[in-house]
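Q: I have a structure to go through. Could we take it step by step?

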Amino acid sequence: MTVSKAGQFWIEQNQYSAISDRTRKQYSDEFNRYIANGAISGLTLREANNIATLEQFLQGISDNNGNVAAKATRRVLSNLLNLAVRHGALPYSACRDLRQPKARADSLSSVRASRTKHDTDRAFSRDERALVVKVADRFSDDDALDVADLIAFLAGTGVRLSEALACTWWDDIDLKAKDADGKSAPTVHVRGTKTDKADRVIPLPEWLAKRLAKRAKKRWKSGLVFASPRLNDKTKPRDRRNMIRHIRTRLDEAGMDWATSHTFRRTVATWMDEAGAPLAEIANQLGHANVNVTATYLGRRQGSNRAAQIL
């Protein structure tokens, strides 16, 4: 079976797996974009299951589409080849021993990256985050109000942009919740779907709770928090691509051309880590199913020496 045909079989098998619909679609899109018509699509599984062949293929993806695309392609290839191993078509998956290539300095993706200057490993300082929120609040029309409130929500929760837009409902926000001592402890139930831990309840900082209360009085109190203001149906979210463009404009206006909408999420994780929050708590805040993902997300390469001291 060729890689192309095996990929179609794998996509069909995913219909019966436990992964979310969103992840299933993401895998399908990544396969169709990078592999279905790629250099290895016509090779048989045995021909493609070769370290040199796969590394050369992934290097091309990195050079032309970027390192993130190459990592996504490798993930899809790994799942595909693992399926072939389980069915006895291959003795092992070469993806286990691959070296993840990085885009060459003179590659197309590196040139694009140098133009955008985005730094996906950096978090906001407290002054930088405050400035972004302040700049977003300068505009008062309906669209700008939605963008400003969305930026504040991302900054105060660290949820994924898609979760803020499509998975956050007014019924799931409890601004009057109390903790065990009777103190105010507002929460939001984020009904995310990306992982089995994405459906979670997380705390809201007081400043964000007050902002949401103000939004409810000024806008609407039912349906999605960030529904489209132009539609009568408040179960329809704002368009994600349009909101990314709006956020991009506000970041540039604040002088944060290096940041992206995802920087708010990384900032929440980084600040919690710096404050000594355990990985499990950070993972719950972000909706990660595995704390190892959270550790990698934070750039941890080596933990503390506590285990050595104990042993």
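Q: In β2, what is the bridge partner of isoleucine 173?
A: The bridge partner of isoleucine 173 is valine 188 in β2. Strands here are DSSP runs of E of at least two residues, while helices are runs of H or I of at least four residues, all numbered from the N terminus.

Q: How many bridges join β1 to β2?
A: There are 2 bridges between β1 and β2 (residues 187–191), and these strands run antiparallel. Two strands count as paired if DSSP finds at least two bridges between them.

Q: And what is the strand order in the sheet?
A: The order is β1-β2-β3 in an open sheet of 3 strands, with antiparallel pairing. The edge strands, β1 (173–174) and β3 (199–203), each pair on one side only.

Q: How is this model to be read?
A: This is a predicted model, in which local features need pLDDT of at least 70 and side-chain atom pairs count only at pLDDT 80 or more, whereas totals for chains, interfaces and linings use all residues. Residues are numbered from 1 along each chain as its sequence is written, and side-chain values use heavy atoms, with hydrogens and water left out.

Q: Where is confidence lowest, and where highest?
A: Confidence is lowest in helix α6 (residues 108–116), at a mean of 56, and highest in helix α3 (residues 45–48), at 94. The mean pLDDT (the predictor's confidence in each residue, from 0 to 100) of the protein is 85, and 90% of its residues reach 70 or more.

Q: Turning to α2, which residues are buried?
A: In α2, the buried residues are Thr23, Arg24, Tyr27, Ser28, Glu30, Phe31, Tyr34 and Ile35. They lie on the same side of α2, because they cover an arc of only 165° around the axis. The arc is that of the directions from the helix axis to the C-beta atoms. Buried means under 20% relative accessible area, exposed over 50%, and partly exposed in between (1.4 Å probe, protein chains only).

Q: Why would such residues point the same way?
A: An α-helix has 3.6 residues a turn, so residues three or four places apart point the same way.

Q: What is on the face turned away from the buried side of α2?
A: That face of α2 carries the exposed residues Asp21, Lys25 and Arg33.

Q: What covers the buried residues of α2?
A: The cover includes α1 (3–13), α4 (51–65) and α5 (67–86), where contact means heavy atoms within 4.5 Å.

Q: Last topic: how many disulfides are there?
A: A search of the whole structure finds 0 disulfides (pairs of cysteine sulfur atoms within 2.5 Å).
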